[in-house]
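This report describes selected features of one protein model.

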Amino acid sequence: TYGQSSRIVDERAVRIDPDNRLVWRQNLKRLEAEALRDTILAVSGRLNMAMEGPSVVPALPAEVLATQSMPGNGWNVSAADAQVRRSVYVFIKRTLGVPLLETFDMPSSDKPEPARNTTTIASQALILLNSEFIRDQSISLAQRLIHEAGSDQVAQIEQAFRLAFGRSADDNEILMATAYLDRQRAQWRQLAETGAEPEFAAGQALMSFCQLVLNMNEFAYID
């Protein structure tokens, strides 16, 4: 069973055992919070693999810092290159949690946790769509695609799939991704100020596509 895929390809098995109680396939498993953050950084090309040393104090949204009696006091944010180190080095303070990690079920530091919960809630989708961290990594991934695949759109799509999913994109996925990029470029051209460079719309469209890739189930789940 450990060597099986979680993909559902046997309709008869689904009818007989829809809950997989007889273990006819592997259960779908989401990456743990820390692994998800590290994977996002690795795919974007930003992950700092430096080992040892002091903990990393991450930048937190203003609304999180506002929960302190003196907002921001004593929270000395680490340098930018240190903030993209692995999650195992992230400094944990009981009253100031990292939103991405907390939302994806990182155990509370208040008490011992014999096992992690795995929830599926709306705020998980919202943080992957709206957080500054995800936006920054989407920009970095877009820059990486341009550097590694050049300006060819199909090459960029294929490289994004290889980096994010460890596989090639099929013909249908390339068609859908191409159509998405075309729509995004058209929308950004309309929103851009008069005289804006054509590359602006293309860059914004690619960044949006990268954020879409980081939001796909296949990215967050092990199958």
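## Salt bridges, a buried glutamine and a pocket

Glu 148 has a relative accessibility of 39% and therefore counts as partly exposed. The model in which this residue is seen is a predicted one. The side chain of Glu 148 forms a salt bridge with Arg 144, and the closest N and O atoms of the pair are 2.8 Å apart. Both residues belong to helix α7, where they are four residues apart, so about one helical turn separates them. Arg 144 is partly exposed as well, with a relative accessible area of 22%.

A second salt bridge joins the side chains of Glu 218 and Arg 167, at 2.7 Å from N to O. Glu 218 lies in helix α11 (residues 217–220), whereas Arg 167 lies in the loop between α8 and α9 (171–191); the pair therefore ties together parts that are 51 residues apart in sequence. Glu 218 is partly exposed at 26% relative accessibility, and Arg 167 is partly exposed at 25%.

Arg 116 and Glu 34 also meet through their side chains in a salt bridge. This pair links distant parts of the chain, 82 residues apart: Arg 116 is in the loop between α5 and α6 (122–130), and Glu 34 is in helix α2 (residues 33–44). Arg 116 is partly exposed, with a relative accessible area of 33%.

| Salt bridge | N to O distance |
|---|---|
| Glu 148 and Arg 144 | 2.8 Å |
| Glu 218 and Arg 167 | 2.7 Å |
| Arg 116 and Glu 34 | 2.9 Å |

Is Gln 159 buried or exposed? Its relative accessibility is 14%, and because buried means under 20%, Gln 159 counts as buried. This residue is found in helix α8 (residues 153–165). Leaving aside residues up to four places away in sequence, Gln 159 touches Leu 145, Glu 148 and Ala 149.

The largest pocket has a volume of about 620 Å³. Its lining consists of 20 residues, and those nearest its centre are Ala 59, Gln 83, Glu 132, Phe 133 and Asp 136. Two or more lining residues come from each of α3 (62–65), α4 (80–83), α5 (99–103) and α7 (132–149). Helix α7 gives the most, with four residues. By type, the lining divides into twelve nonpolar, three polar and five charged residues.

Key
Residues are numbered from 1 along each chain as its sequence is written. This is a predicted model: local features need pLDDT of at least 70, side-chain atom pairs count only at pLDDT 80 or more; totals for chains, interfaces and linings use all residues. Side-chain values use heavy atoms; hydrogens and water are left out. On a 1 Å grid over the protein atoms alone, a cavity is a set of points where a 1.4 Å probe fits but cannot get out, and a pocket is an open set with protein on both sides within 12 Å along at least five of seven lines; lining residues have an atom within 4 Å of a point. Grid points are joined across faces, edges and corners, and a volume is the space filled by probe spheres set on the points. Ala, Val, Leu, Ile, Met, Phe, Trp, Tyr, Cys and Pro count as nonpolar, Asp, Glu, Lys and Arg as charged, and the others, Gly among them, as polar. Buried means under 20% relative accessible area, exposed over 50%, partly exposed in between (1.4 Å probe, protein chains only). Contact means heavy atoms within 4.5 Å. A salt bridge is a side-chain nitrogen of Lys or Arg within 4 Å of a carboxyl oxygen of Asp or Glu.
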